[in-house]
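Please look over the sequence and the structure before reading on.

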Amino acid sequence: MEFDLYEQGKELLKNEDNLEWIDKITCWVKKELGYNIYIFQVIVDNQIEIEKYYETITASIAIDFQANLEKAIEKWNIYLVFECRESIDWKIRLKVEQDKYAVRKVVWDDLKEEELNNKEYINKRLLCFEINENLERPKDRGDLIKILEENDLELYKILQKKDLTLYEKVAMYVGDGINE
């Protein structure tokens, strides 16, 4: 189905209270049969901006956008994606991603320039699920790492973080928080 820019989504969020962050947002719509999935993409410079804006952006989406939707399936299929070139501290990521208010939130960090604000990247990473049962077993660790990077970029990036234990990496991936 279609995956397109949705200017009306951003327009609904515009007001005097949101001037500080409104230019960081892009809204996308994925049209399915009978309903839409909405994705609000926020490109931030660093984790300070995520901490500063995520609650107000979430509240604005809930009040100014989500409340106006009629279909329940659309109300609960709204994503808020924070994209950042820099690495984000795992505690901040978990705080944002575990916040269940209004929309599903994800934080993508360590992004390359071509990944930022790229509609195909968002669509593939967020909404495309491919299961290939015919994959050959990798011959060595290098092959496994390459396959992982191509098929599950989120897990690949989490495993590349050197400052976390294996348990913390698993907790980040499954989204259950980190038990210290």
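## Basis of the model

The model is predicted, with local features requiring pLDDT of at least 70 and side-chain atom pairs counting only at pLDDT 80 or more, while totals for chains, interfaces and linings use all residues. Residues are numbered from 1 along each chain as its sequence is written, and side-chain values use heavy atoms, leaving out hydrogens and water.

## Overall form

The protein chain contains eight helices and five strands; helices (H or I, at least four residues) and strands (E, at least two) are DSSP runs, numbered from the N terminus. Starting from the N terminus, the order of the elements is β-α-β-β-α-α-β-α-β-α-α-α-α. The radius of gyration of the protein chain is 17 Å, close to the 16 Å given by the globule rule for 180 residues, so the chain is as compact as a globular protein of that length. That radius is taken over C-alpha atoms, and the rule is 2.2 Å times the number of residues to the power 0.38. Along the principal axes, the C-alpha atoms fill a box of roughly 55 × 40 × 30 Å.

Of the 180 residues, 43% count as buried, that is, under 20% relative accessible area with a 1.4 Å probe, protein chains only. Contacts (heavy atoms within 4.5 Å) were also examined: among those between residues at least 6 apart in sequence, 66% join residues at least 24 apart.

Strands pair if DSSP finds at least two bridges between them. Strand β2 (residues 25-32) runs antiparallel to β3, and eight bridges join the two; W28 has I39 of β3 as its bridge partner. Two residues lie between β2 and β3 in this hairpin, and G34 in the turn has a positive phi of about 90°.

Strand β4 (residues 78-84) pairs with β3 in the parallel sense, over seven bridges. Here the bridge partner of I43 is E83 in β4.

## Helix α4

In helix α4 (residues 90-97), six of the eight residues are buried, so the helix is largely enclosed by the rest of the structure. The buried residues are W90, I92, R93, L94, V96 and E97. They pack against α2 (47-65), β4, β5 (104-108) and α8 (166-174).

Definitions and conventions
Buried means under 20% relative accessible area, exposed over 50%, partly exposed in between (1.4 Å probe, protein chains only).
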